[in-house]
Amino acid sequence: MFSINLVILIPFIVAALIPFSYRRFKKVHLGWIVLIVPVVLFVLLARLIPSLASGKTYVHTYEWIPSLDFNFTTYLDGLSMIFALLITGVGSLVILYSIFYLSSKESLQHFYCYLLLFMGAMLGVVFSDNLMVLYVFWELTSVSSFLLIAFWNHRKASRQGAQKAMLITVSGGIAMLVGFIMLHTMTGSFSIREIIASVSEFSDHDLFIPAMILILLGAFTKSAQFPFHIWLPDAMEAPTPVSAYLHSATMVKAGIYLVARFTPVFGADEVWFWVVSMVGMITLFWGSFNAVKQTDLKALLAFSTISQLGLIMSLLGLGSIALQFGYSADSVLYTQATFAALFHLINHSTFKGALFMVVGILDHELGTRDVRRLGGLMTLMPFTFTIALIGSLSMAGLPPFNGFLSKEMFFAATVHIMEVDIFSLPSLGLIFPVVAWIASIFTFVYCMIIIFKAFLGKPQQEKLDKPIHEAPIGMLISPMILVALVVGIFFFPNLLGQYILQPAMSSIYPTFGDAADLTPKISAWHGIKPELLMTIAVIIVGAILFKFLKLWKPIYGLFSSRFTFNVLYFNFLASSVSKSNLVTNRYMNGLLRHYLLYIFIFFIVTVGGYLLYFKAFSFDISTNASFRVYEVCLVAIMAVAALSMLFAKSRITATLLNGVLGYSIAIFFVIFRAPDLALTQLVVESVTTVLFLLAFSHLPDWKKEKLSKGTKLINGIISVAVGLVVVIVGLSVVDFNLYDPISSYFEDAYELAGGANIVNAILGDFRGFDTMLEVVVLFIAGLGVYSMIKLRVKKEDENIEDQ
Amino acid sequence: METLIIMLIGILVAVATYLILSRNIIRIILGTAVFSHAVHLLILTMGDLKKGNVPLLKEADAPYADALPQALILTAIVISFAVTAFILVLAYRTYQDVGTDDLDELRGARDE
């Protein structure tokens with residue numbers, strides 16, 4: 001039995017090896033080597049499907065920081081299995097596709113390194129049971145997404161898109177982190193399974209709703225839900241394999257995963273129901289509505305992805321209502337929404353992945369993805385056309401493709417929700433089928449745009465830079481496999497339902513007894529029901545709208561381009577940069593004196609303030625050693641010398657006064673029984689004074705400082721205050737005897753280190769390593785002095801040559 | 001004795017602070033030198049003064065003066081000497097290149 005932890009680590013390990021080994025694979029496209037990773041992982045995971053279907057789950061724990069309750073615990077159940085299969089399965093196909101999409105001239109080692117990084121992080125997200133570990137992987141997916149979007153980093157749009165995606169998803173991630181910490185505060189655990197088991201006791205807690213909202217923020221930003229959807233269209237600057245992989249099949253579904261995972265925790269709350277389902281509905285409508293106006297096929301698919309993510313999200317919201325009623329024959333009906341969500345999640349990955357790859361083919365082979373320059377490709381690119389046709393029709397919700405099945409289930413779920421008589425649904429419930437139906441019409445229209453505008457009609461060779469030709473077979477394999485799944489799932493949906501979806505249902509509804517009850521039988525034909533009528537109406541109205549697209553398209557012009565979320569985002573970004581500059585320039589003004597003032601004032605306020613606040617000042621003269629007259633004289637001499645430095649007229653005087661201080665301290669060292677210090681101090685002080693005098697011969701004369709009275713006053717006040725604080729701290733600390741001094745240990749120096757001079761033994765033996773580093777510091781300072789003098793000479797030589 | 005020395009340390013620190021807040025590089029360097037004197041005295045005082053004999057095992061009898069602060073100060077003296085030497089040469093080089101020893105004139109341009 002292999003450990004799931006290893007599944008997460010393998011992509012990271014391979015990613016770490018790539019920079020060191022890619023040069024060896026000059027002759028082979030690096031993608032072939034990398035392809036092994038997801039294929040192996042997929043097979044390993046797929047072998048576990050039967051045992052998961054029989055209700056088994058796998059838990060592995062590797063203790064990381066047990067004292068903080070952070071453990072690298074992986075949990076493999078039905079829900080994480082769906083995502084893991086998508087990550088490794090779609091990952092394999094995308095890497096296969098990328099081998100033909102990216103030429104060997106691109107920096108493939110970076111591309112595959114980032115891609116594997118993402119794969120590992122994403123597997124980490126879906127397998128982690130510990131919330132803190134999940135969070136780390138979650139942010140890692142944002143980072144790798146950033147790197148992949150900016151893969152062509154010479155393009156400004158790529159960099160901007162990457163930055164936008166990063167800022168939005170990471171700020172959502174931080175909100176989520178706060179939510180996780182709140183959950184921990186409530187339940188005392190970071191383990192999702194433990195939280196699910198105990199959360200019912202905390203649903204009245206003050207933090208329950210804030211934690212829910214914060215976690216949802218993380219999910220919504222990641223899954224590009226309205227109004228955070230704006231990053232996804234810009235993320236399309238990434239190479240198309242990345243868009244197919246991260247920005248339609250896996251990463252953007254991390255938010256869906258999070259919502260599904262936390263449904264047992266928060267799902268029984270009314271707020272959860274309304275927020276998740278309504279945000280999903282708005283996103284569904286807004287995405288499909290905006291997709292119609294796009295002319296760039298990739299942008300169209302981006303908005304379509306936003307819309308489909310909204311669909312899945314709203315279904316999860318609708319499905320959570322089943323938790324209101326507990327486990328009964330009636331509530332099982334409502335769980336079908338969740339079932340449809342999971343089903344559509346898989347279907348969306350298949351048809352959208354195929355469509356992205358088709359757009360990638362068009363971009364790669366014809367040099368454009370602009371729908372206005374394409375047309376009539378059907379006969380010249382028959383395979384590509386077939387793939388696009390199947391993908392689009394499935395997305396539009398037509399039979400015989402898998403999109404039809406999940407779309408019907410979606411309609412059915414929205415119709416069922418009207419029958420619920422809580423949460424004021426009898427009056428508001430009508431919103432759901434109506435919005436779903438309108439959004440589906442727009443979905444139908446943009447699917448038709450892909451088919452009719454790009455592939456039917458007259459070929460427009462004159463608008464293209466390259467001759468129209470079919471793509472190489474290598475690029476067609478991956479989308480073909482995906483559309484084969486699109487058709488295959490339509491004919492054998494229950495196979496998927498039983499083995500993949502059923503175990504996931506029991507992870508979302510752990511209290512609902514037998515998972516088999518939660519798994520409806522999926523069938524294409526179930527009599528004339530509202531959902532079928534809705535589909536037929538979608539086709540009719542959609543066809544009419546598509547036919548007269550030119551007539552009603554001007555309504556998009558009604559939306560002012562000055563009040564979009566994009567403008568809001570850019571204004572926010574620009575103003576935060578300029579405001580921070582303003583603030584920073586105000587205090588980072590280039591004056592050393594000001595910076596030092598900040599430091600001194602901080603010292604006075606924190607240390608002095610602390611002593612004052614806690615009344616920590618203590619003063620006891622009784623323990624003082626006695627003093628003699630000559631010692632007092634010495635102290636007086638030092639004080640006078642120090643104060644005279646302030647008024648010294650010449651620099652020589654000041655330096656000599658500093659020398660007086662140094663030599664007096666040497667005398668104090670003698671008095672205080674420190675002969676080594678006295679010797680060192682004498683030598684160092686002499687050398688320092690000589691050094692000062694040497695430097696003076698190269699420096700200008702000491703000009704009288706022209707300081708204003710105010711400046712002098714401030715300097716004086718600060719200086720006196722610093723001195724006072726030091727005195728107070730010194731007086732308080734000198735009598736601090738809470739612990740025994742450790743010095744007695746060193747008095748065994750002769751036995752321990754063989755040295756009779758304790759100070760020398762400490763320096764040369766007990767703390768020998770410190771002394772060695774001290775020598776290194778001295779050495780570096782010497783090097784610095786030497787090179788500063790040396791560099792000047794060289795520069796002068798150059799100047800002479802220039803002349 | 002301790003109280004007296006701590007008072008002296010306070011004076012030294014105040015003088016050093018005032019010097020460091022100047023515009024002239026030499027005054028600042030002198031300020032750091034005075035500052036390190038003050039710190040050395042402070043460390044020594046914290047280990048109690050005149051409470052024992054010279055910490056030489058063969059030469060004197062117990063009790064010994066606290067040897068640990070002495071070892072710390074020995075390190076500190078050498079390091080502060082290295083730093084003083086370094087900034088002195090830095091000041092010298094700056095003056096050679098820029099032609100001023102006034103920090104306000106050395107201040108970088110705003111757009112940098």
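Angles under 35 degrees count as roughly parallel, over 145 as roughly antiparallel, 65 to 115 as roughly perpendicular, and the rest as oblique. The model is predicted, so local features require pLDDT of at least 70 and side-chain atom pairs count only at pLDDT 80 or more, while totals for chains, interfaces and linings use all residues. Residues are numbered from 1 along each chain as its sequence is written, and chains are lettered from A, with ligands numbered from 1, in the order in which they are written.

**Exercise 1.** Classify the packing of helix H12 and helix H14 of chain A by angle.

Step 1. Helices are DSSP runs of H or I with at least four residues, numbered from the N terminus. H12(A) covers residues 254-266 and H14(A) residues 297-319; their axes are 10 Å apart, at an angle of about 5°. Axes are lines fitted to C-alpha atoms, for helices over the stretch in contact, and angles run from 0 to 180 degrees between N-to-C directions.

Step 2. H12(A) and H14(A) are therefore roughly parallel to each other.

Step 3. Contact requires C-beta atoms, placed from the backbone, within 7 Å. On H12(A), Ile256(A), Val259(A), Ala260(A) and Thr263(A) meet Leu309(A), Ile312(A), Met313(A) and Leu316(A) of H14(A). This contact has seven nonpolar, one polar and no charged residues. Here Ala, Val, Leu, Ile, Met, Phe, Trp, Tyr, Cys and Pro count as nonpolar, Asp, Glu, Lys and Arg as charged, and the others, Gly among them, as polar.

**Exercise 2.** Which residues touch the most other members of the largest nonpolar core?

Step 1. A nonpolar core is a set of buried Ala, Val, Leu, Ile, Met, Phe, Trp, Tyr and Cys residues joined through C-beta atoms within 7 Å. A residue is buried if 20 or more other C-beta atoms lie within 10 Å of its own, exposed if 12 or fewer, and partly exposed in between.

Step 2. The largest core has 207 residues, and Leu116(A), Met122(A), Leu148(A) and Leu315(A) touch the most other members. Helix H16 of chain A (residues 329-366) gives the most to this core, 19 residues.

**Exercise 3.** Describe the side of chain A that touches chain B.

Step 1. The interface brings 84 residues of chain A into contact with 75 residues of chain B.

Step 2. Helix H30 of chain A (residues 709-734) supplies the largest share of the chain A side, 14 residues. That side divides into 55 nonpolar, 19 polar and ten charged residues.

**Exercise 4.** Is Ala224(A) buried or exposed, and what is the phi of this residue?

Step 1. Most residues other than glycine have a negative phi, and most peptide bonds are trans.

Step 2. Ala224(A) has a positive phi, near 55°, and is found in the loop between H9 and H10 of chain A.

Step 3. Ala224(A) counts as buried because it has 30 C-beta neighbours inside 10 Å.

Step 4. Pro227(A) is placed in the loop between helix H9 (208-222) and helix H10 (231-234) of chain A. A cis peptide bond, with omega about 0°, joins Phe226(A) and Pro227(A).

Conventions:
Contact = placed C-beta atoms within 7 Å. Helix = DSSP H or I, 4+ residues; strand = E, 2+ residues; numbered from the N terminus.
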